[in-house]
Amino acid sequence: MSANKESWGSRVGLILAMAGNAVGLGNFLRFPVQAVQNGGGAFILPYLVCFLVMGIPLLWIEWSMGRFGGRYGNHSTPYIVDTMGKHRLWKYIGVFGIWTNIAVAAYYCYIESWTLSYVVHSILGTFNGMDQEGVAAFFNTYVSIGESTLGIPLEAVVFYVLCLLLNTWILSQGLAGGVERVAKVGMPLLILFGMFLAYKGFTITAGEAGAINDSSVGLNFLWTPDYTQLWSPTVWLAAAGQIFFTLSVGMGTIHCYASYVRSKDDIALNAMSAGWMNEFVEVVLGASILIPISIGYLGIDRVTELVQSGGLGLAFKTLPFLFTQWGEVLGAIAGVMWFGLLFFAGITSSLAMGTPWMGFLQDEFNWKRKSAAWSFGLIVLILGMPTVLFFHYGVFDEYDYWAGTVSLVIFALFESILFAWIFGIDKGWREIMSGSDIKVPNIYKFIIKFVTPLLLLWVFIGSLVTPKGGDWGAALSGNWELDDSSIIKKLMNSSLHRQLAEATDPAVIAHLEDTLFFVNASRILLVAVFLGIAALVYIAYKKRVREGKI
Amino acid sequence: MLLTMFLVTALTAYFFYRVLNAPPKPEPDSYLDNDDEPGRQPMA
């Protein structure tokens with residue numbers, strides 16, 4: 001008999017935990033940067049359309065798959081998908097739903113640990129008196145491991161281990177006693193902190209506290225629509241990608257959380273509530289902090305330059321400096337709120353990442369909750385240490401790309417086909433509607449069957465063979481040169497090989513050669529973990545056969 | 001911008017309100033906290 005006796009404490013707790021799973025660092029760091037790079041206000045239109053025809057259907061698919069699997073005592077994707085599709089290979093497709101979480105947690109907890117450390121540094125006033133270069137140099141020193149800023153040897157490693165210990169301990173307290181309790185505290189605080197910072201983002205006045213622009217300049221920069229970009233496939237691909245990452249679909253966490261819901265209880269309204277809560281945090285709060293505050297103090301040109309390297313740089317290398325412009329006390333409060341908000345966004349997601357592995361061990365091997373939680377912590381520590389120690393050698397980015405990006409699209413594509421075409425849309429629709437507290441429009445039957453899988457296929461193909469510079473016009477007219485960001489070029493390490501060929505400085509060449517080694521080593525490690533989980537799924541299958549369950 | 005923000009906020013509030021005001025389901029349900037509430041006891 002399975003050792004899995006988990007339950008949710010309350011419906012609101014489940015929704016907050018689901019929303020916390022979806023709300024992550026990307027809501028505050030990725031969304032505004034994507035919007036700036038893809039047509040500003042015009043980005044929001046494809047973004048909302050993708051939310052309606054891909055995001056919401058995927059939420060319903062995953063919630064109902066999870067609840068369906070839970071009915072048969074399955075709380076992780078390998079055997080959830082196995083109950084829906086009878087082909088023996090489905091359970092190995094389900095491995096993605098455990099593997100992705102372990103691999104993403106490995107680097108995600110590292111960013112989470114930065115936020116924890118930066119909360120401490122904000123309280124201690126570390127950034128007071130530093131200029132922007134100083135704050136940026138502080139971050140570079142921090143991730144270089146070599147020097148300590150707090151007098152703690154290997155400071156980044158210490159915070160990473162602390163963060164993992166915290167995650168593991170909370171997971172060991174169970175769903176209601178751990179994960180849900182954190183969500184009930186973390187989500188309201190996150191929204192409160194976000195509202196305070198959004199208010200600051202809306203009320204910056206040029207000439208006050210070193211600001212060079214009113215907040216309207218930043219908000220206009222972010223929201224003014226560039227309609228010429230509206231028909232660009234690149235913009236639509238970016239919007240679809242953002243919907244993916246922001247909702248945490250294609251990961252296996254939603255299935256796991258929903259597997260503890262009984263079949264007569266609602267999932268349709270729950271999914272809508274959690275999904276829209278995520279959108280509120282992203283579109284309303286996420287868009288009102290990073291870019292408006294940065295532009296208020298640095299101007300459009302500088303921020304345009306900074307966003308090219310993504311939101312992480314702005315969040316950790318720039319905002320701590322800008323907060324100090326508000327004075328020592330308010331600067332410290334803003335720092336605690338900003339990094340506290342990111343910490344809550346991070347931990348509510350990383351906790352979700354632990355639950356599929358724990359559910360699998362509890363269901364298949366009768367592990368106790370605590371042992372399962374600590375095994376997760378240990379695996380993540382082993383897999384995550386390379387991202388900490390070799391951060392500058394591309395290990396972090398490799399994990400993020402393969403586990404945190406490509407894998408999500410592949411798994412979501414498979415599950416949408418499984419749900420709509422193999423399990424069958426009629427049975428699937430009944431699953432969505434079972435116990436529902438809202439009437440789901442019938443049009444979604446058509447969308448789930450045709451539109452969502454086709455959109456996912458397009459996102460996958462678009463990522464596999466992205467044309468150079470995102471120029472689809474040139475590609476479709478016959479000149480289809482692959483961009484370095486395409487999956488195929490990534491797999492071939494084309495960008496690294498070109499940089500190596502062009503490099504003349506021996507130090508740069510040595511660094512690039514090391515990077516190439518670590519990039520390939522990371523991939524081997526990730527593949528080994530996937531195969532290891534697949535082997536466990538096979539052993540579990542044999543065990544089920546022996547016990548007469550199959 | 002304001003229209004989008006208003007729309008997203010209103011829909012978030014609406015769906016959360018619907019959750020809070022949804023009629024209770026008879027026990028056993030999925031949630032531990034309401035196990036002692038008489039209104040949710042098993043139907044005879």
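Let's begin with Asn366(A), which counts as partly exposed at 32% relative accessibility. Keep in mind that this is a predicted model. Asn366(A) sits in the loop between α18 (328–365) and α19 of chain A.

You'll find Asn493(A) in the loop between α24 (487–491) and α25 (494–502) of chain A. So, is Asn493(A) buried or exposed? Asn493(A) is buried, with a relative accessible area of 9%.

While we're on backbones, hop over to chain B. The peptide bond running from Glu27(B) to Pro28(B) is cis, and omega is near -5 degrees. Pro28(B) belongs to the segment after α1 (2–20) of chain B.

That helix brings me to packing. Two packed helices are described by the angle between their axes and the distance between the axes. For helix α1 of chain A, residues 11–22, against α1(B), the angle is about 150 degrees and the axes are 10 Å apart. Angles over 145 degrees count as roughly antiparallel, so that is what α1(A) is to α1(B). The crossing of α1(A) past α1(B) is right-handed.

Now a pair within chain A: helix α8, residues 132–143, and helix α17, residues 311–324. Their axes come within 8 Å and cross at roughly 140 degrees. What do we call that orientation? α8(A) and α17(A) are oblique to each other, and their crossing is right-handed.

One more helix, α14 of chain A, covering residues 268–285. With 18 residues, α14(A) reaches 25 Å from its first C-alpha to its last, close to the 26 Å expected at 1.5 Å a residue. And 18 of the 18 residues of α14(A) are buried, so the rest of the structure largely encloses this helix.

On to rings. How many aromatic pairs does the structure hold over all chains? The count is 43. One of them joins Tyr393(A) and Phe518(A): the pair is tilted, at 5.2 Å centre to centre with 45 degrees between the planes. Tyr393(A) lies in the loop between α19 (369–389) and α20 (395–422) of chain A, while Phe518(A) is in helix α26 (residues 506–546) of chain A, so this pair ties together parts that are 125 residues apart in sequence. As for accessibility, Tyr393(A) is partly exposed, with a relative accessible area of 24%, whereas Phe518(A) is buried, at 17%.

The charged end of Lys91(A) sits over the ring of Tyr541(A), 4.3 Å from the ring centre. Then there's Lys490(A), whose charged end sits over the ring of Tyr401(A), 4.8 Å from that centre.

Last stop is His121(A), in helix α7 (residues 96–124) of chain A. His121(A) counts as buried, at 0% relative accessibility. And where is His121(A) relative to Asp397(A)? The two are 276 residues apart in sequence and 26 Å apart in space, C-alpha to C-alpha.

That's my tour, so over to you for questions.

Conventions: Residues are numbered from 1 along each chain as its sequence is written. Chains are lettered from A and ligands numbered from 1 in the order in which they are written. This is a predicted model: local features need pLDDT of at least 70, side-chain atom pairs count only at pLDDT 80 or more; totals for chains, interfaces and linings use all residues. Side-chain values use heavy atoms; hydrogens and water are left out. Helices (H or I, at least four residues) and strands (E, at least two) are DSSP runs, numbered from the N terminus. The expected span of a helix is 1.5 Å times one less than its number of residues. Buried means under 20% relative accessible area, exposed over 50%, partly exposed in between (1.4 Å probe, protein chains only). Rings of Phe, Tyr and Trp (its six-membered ring) pair if their centres lie within 6.5 Å; planes under 30 degrees apart count as stacked, over 60 as edge-to-face and the rest as tilted. A charge sits over a ring if NZ of Lys or CZ of Arg is within 6 Å of the ring centre and within 35 degrees of the ring normal. Axes are lines fitted to C-alpha atoms, for helices over the stretch in contact, and angles run from 0 to 180 degrees between N-to-C directions. Angles under 35 degrees count as roughly parallel, over 145 as roughly antiparallel, 65 to 115 as roughly perpendicular and the rest as oblique. A crossing is left-handed if the near helix is turned anticlockwise from the far one by less than a right angle, and right-handed if clockwise.
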